[in-house]
Amino acid sequence: MIAVMNKNDPLQRLKQEIECIKQKLLDLGPIHPGSISGQYHVCGTASCRCHAPVNPIKHGPYNKLTYSYRGRSNCRFVRPECIDELRQRLDNYKTFRELTARWVELSIEMGKAEFFAKAEKAPAASPPTET
Ligand SMILES: [Zn+2]
């Protein structure tokens, strides 16, 4: 890449990292939000071991996916044969979130360098303010 050319230009470095993030996003496989937890159940058969008064053995664990989307909480039971693929998608989603968070962070840095650099170099008369 042309990366080497402007190695010492901070703005250029930011732009390059953003391009790198975009590429990683393109390469990311399917995503899904949420997390998986094991759930134990009690069935409807009164004579079942899960109803034993002492040391009952509940059914499970069953894999339950829980996620929140547009303010609504959702949960689904996951078939065992789907669990690996779903875990991969949950991992991808975490990566997606990390990459986009970093993209926003870098974009803010870029904005500072491009639009607000002069404003931050305020005249010496006014004391510097921490924000
Ligand atoms: Zn039972």
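1. Ground rules. Residues are numbered from 1 along each chain, as its sequence is written. In this predicted model, local features need pLDDT of at least 70, side-chain atom pairs count only at pLDDT 80 or more, and totals for chains, interfaces and linings use all residues.

2. Overall make-up. The protein has 2 helices and 3 strands. Both kinds of element are DSSP runs, numbered from the N terminus: helices are H or I with at least four residues, strands are E with at least two. From the N terminus on, the order is α-β-β-β-α.

3. Burial and contacts. Of the 131 residues in the protein, 2% are buried. A residue counts as buried if 20 or more other C-beta atoms lie within 10 Å of its own, exposed if 12 or fewer, and partly exposed in between, with C-beta atoms placed from the backbone. Take the contacts between residues at least 6 apart in sequence: 57% of them join residues at least 24 apart. Contact means that the two C-beta atoms, placed from the backbone, lie within 7 Å.

4. The sheet. The 3 strands form an open sheet in the order β1-β2-β3, with antiparallel pairing.

5. Strand β1. β1 and β2 (residues 59-69) run antiparallel and are joined by 6 bridges. Two strands pair if DSSP finds at least two bridges between them. Gly38 stands opposite Asn63 in β2.

6. Ala113. This residue lies in helix α2 (residues 83-120). Is Ala113 buried or partly exposed? Ala113 is partly exposed, because 16 other C-beta atoms lie within 10 Å. Beyond its neighbours within four places in sequence, Ala113 is in contact with Pro10 and Leu11. Ala113 and Pro10 are 103 residues apart in sequence, yet 8.4 Å apart in space, C-alpha to C-alpha.
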